[in-house]
Amino acid sequence: MSALPPASDTEPKKTLKRDVLRSMEQKAQKIWEERHSFEVNAPTIEEEPDLDVEALHKKYPKFFATFPYPYMNGRLHLGHTFTFTKVEFATGYERLKGRRALFPFGFHCTGMPIKACADKLAREIEQFGPEFIVPEEIENDVQNLSLKDEKVVKKPGKVAAKSTGAKYQHQIMRSNGVPNEEIAKFADPMHWLSYFPPLAIQDIKALGCKVDWRRSFLTTDANPFYDSFARWQFRKLKELQKVKFGKRYTIYSPLDGQPCMDHDRASGEGVGPQEYTGIKMRVVEFGDNAKEYIKSNPALEGKNIFLVAATLRPETMYGQTNCFVGTELEYGFFEVNDTDVFVVTERAARNMCFQGFSKQEGVHVKLGSIKGEQLVGTKVKAPLSVYDHVYVLPMENVLATKGTGVVTSVPSDSPDDYATLQDLIKKPAYYKIEPSWVETFEPVPIIETPNFGNLCAPTICKQKKINSQKDKVQLAEAKEIAYKEGFYSGVMLIGEYKGRTVQQAKPLIRDYLVAQNEGFVYNEPEGLVISRSGDECVVNLCDQWYLDYGEEAWKAQAEECVSKMNTYCEETRNQFEKTLDWLNKWACARSFGLGSKLPWDEQFLIESLSDSTIYMAYYTVAQMLHNGSLRGTELGPAQIRPEQLTDSVWDYLFCDAPMPTDTEIPELTLKALKREFDYFYPLDVRVSGKDLVPNHLTFAIYNHVAIFPKHNWPKGIRANGHLLLNREKMSKSTGNFLTLSDALEKFGADATRLALADAGDSVEDANFEEATANAAILRLHTLMEWIEEVVAKAGELRTGPMDSFHDRVFLAEMNKLVNLTDAAYSNMLFREALKNGFYEFQTARDWYREATASEGMHHDLVMRFIELQTLLLSPITPHWSEYIWTDVLKKPQPIVESLWPEVPAENDEPVLMAAEYVRKLIKTVRDNEIALNKKKGKKGKNADTYDPTKPKLLKIFVASKFPEWQDAGISILQEAYNTETASVDDAMVKQTLAKQGLLKDKKMMPFIQEIKKRVLAFGPQAFNRTLLFKEFDTLTSVQTYLKKCLGFDEVEIISTDGQIEEADQKAAEASIPGEPSFAFRNIEA
């Protein structure tokens, strides 16, 4: 009776089932579109003029969930899809529960990526022409480059996904499926905004998502409505004194000429500035290896030359005994001003020139360069050191990528310094130094610690048996111990701040060094940051507009919001709390890219992570403003022009401000807009990848608590891990990558959705298995065929009373699984929902089908199963469910407009326990018979005469009461159980058992231990062993089923209360309530 078109005989056989399922998709989507099924509105004022918001929500329950709008520089991939299907599945479920469930979807275009890529293309057009014909020699160079470097570097999931392996932007565009003749158009950044959003909409619609497309929009000033909203948001934040201006350290791209925030980066997301104290060690006398070079360089004549170290521990500078350099590193002499020169690595100088340590900002002038080995033996003045001068010495493993390449040496408190100094003392000739440079420079006690005395580093090195700077593992452990001990427990023994704790003295000593011009504050990125323009970023001390995240009162509001919010797992809550602890000022403006202009300083654009914090509120009114026109080129039902959206209008809509008086917008129109916002807010849940907790999601919390009244703060945020593909990171460069459109083509919509639901629910990385998607195709197709066949032959199914044991079990199990599926969907555990509502549901059907093979399945139960299965699966497989619902079951309305099935809230535990009992019994009988046969084989001819190949009888012995010794044991255990502490007094148990002579029975203690284990696991109710069902009656009702299932010719159910044959007495004695015993006999002819 299939209503699907027949598959062509010419199609490959392996795709037939997939294509049958795919043929359902367009038909279902057409039904939904024609009925505007996913367009969700608040109850209008005309419908409910008198209800307040609370009453409105009570009478018309709502659900509002969002996903961070994806960036429109390419096609959507499975990583995007995995996250937004969490919202999609939840929306489908909440619709079934009778809520007006809103799932809107916008498109992010703000920031650097699109502009940077467009500029790259423009340069490539100049280089290769609009057809991108790359000369053969360049193409070969690129290929050779990729072949030479075979080393595989592990990348974070997000970075790996972005990596394409392509060198040129036009190659990346081709990998995104852009035709070659179209690529040149992307040199105009506005073309990206026209090209990729429609493709995203096409893919999301093809997946069958319940999106209200009337509310969609593009960010940036390309949409004047959204632009007005973003500019209002920032004027509001400035009015609330959340936006400030001043000098601050920020990650900065010299190539782009502006701060480089998280979404502007190709790598290094989450990396911030690391603050050091720069220590200026003035050169007293250069060593012999450097003197000749210095004399030959006139640019250095008459200059004050300083080796500059970067330290995190300025309080230890009293203990400097020398400084270290890397012998193989190259150092530069960099001009700071007319008189001073710093000796540091080029990377450090590049950072310093953006922090005021060069003549011209952003320009580092190198007056010369020198190898580290040439600096060894140079005599320098170390600020605060008790020694008049110290020497520059060699050290292994000095990094050019961290600090300045010059390392202060404090062997009293740094295990690395102490170990290196000991190596130099032991082998001066090997390290090419003079013994006098190290022999008289003993470690200086500067900090007293409770556990390691006043020479912390030497003590720890001795305890850990560290003998050399090559003992890297032990040194790493020792360094962590020494730092924590000194910082948290140390007290200064020397200097102006003697007697103060290290925590108190540290900032004071730093400030003193700066005031004496012997030190300065220096910042650099705490890790490598590469901008999307391919530039290595620095830290710049620049004037900028910033959001004052971390300000105490604001932070307290954000913490309150997090404390009341549903985070769906404690790990996410912990991550939010940690982020709130460290998050500080955030640059919110840039001068390059796409976006909305900062309203009071239009030379700047609002930064991409700052214009995307409260746009969830914009969704609630977008359909009335521009009705799905992504750029806002068409007016929506409200007939409001962008310029009419004044601050007082936005304040009225979102902040409970009075009705504006300075607007031409009709009052009724404004009330209708506000009704939409008031109804759908607060946001019920935002779903995102866990990588956005340290930035976007925390920013959203900060901005919400600043702008909106407390009753409109977000109610929930759910974070998930990255998505693996076949247990490997997704990466375009390795080919392990799937776009959404690829997955739809390969598996169809519902199999893709099912595999995504099955991929994982936690914050750990999930895994999309192609094998799971292929198995889903087979499962759905097989189930569809079975349903079609059963419905077509429904008249042949059993009718009448529905009260057999198997009928009651099937109904009880279906009801239980509906409730479990309900709970899983409610908690957004979609893998769990799939387990209970699909896999286990079919297992229950399979058991019922087998158990009723003789009398047949009951019509009403089978039809109930089909309806329930279709409804339970519909949030995940809507096309399949729609086909079954409307085409096979002939329901009058689409399944997406149907309601969750009603089942009893309480499970039928007696029936469920009886079913579990029967299944366990079947397994036990089979295991016992197998064991008996094995035993017989070992004993040979003299074995028991039972032969399973001959006609056979199974005797099942059922006891009505427990043995007296067990009741006595439980009574004693119960007396020794403490309900307050949930513990058992073991000594009391043994004493009482011994007193009553019960310890003589060897079975007693194992029995007591088993009952005790249950009680400690399940509480005192475990003492009650009374069965909830009638054991003898249950077995009698399934006697015929047991015969067939177990393969016996006869099955006898025997109560141990009656007369037992002598041959069966031993077997019968082994039975207790709930655990029958068995005897296997052959039937004599």
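Two strands pair if DSSP finds at least two bridges between them, and strands (E, at least two residues) and helices (H or I, at least four) are DSSP runs, numbered from the N terminus. What you have open is a predicted model: local features need pLDDT of at least 70, side-chain atom pairs count only at pLDDT 80 or more, and totals for chains, interfaces and linings use all residues. Residues are numbered from 1 along each chain as its sequence is written, and side-chain values use heavy atoms, with hydrogens and water left out.

**Stop one: the sheet.** Select β1 (residues 62-66) and β23 (residues 685-689), a parallel pair joined over two bridges. Click T66 and you'll find its bridge partner in β23, R686. Now bring in the rest of this open sheet: four strands, ordered β2-β1-β23-β24, with parallel pairing. At the edges sit β2 (100-102) and β24 (717-720), each pairing on one side only.

**Stop two: a helix crossing.** Next, pick α9 (residues 189-206) and α24 (residues 740-747). Their axes (lines fitted to C-alpha atoms over the stretch in contact; angles run from 0 to 180 degrees between N-to-C directions) come within 9 Å and cross at roughly 35°. Which residues in α9 and α24 meet? Show D203, I204 and A206 on α9, against L740, S741 and L744 on α24; contact here means heavy atoms within 4.5 Å.

**Stop three: α15.** Jump to residues 456-463, helix α15, and colour C456, A457, P458, I460 and C461, its buried residues (under 20% relative accessible area, 1.4 Å probe, protein chains only). Their cover includes α14 (415-426) and α16 (472-489). Just past α15, check K465, where phi is positive at about 55°.

Notes. Buried means under 20% relative accessible area, exposed over 50%, partly exposed in between (1.4 Å probe, protein chains only).
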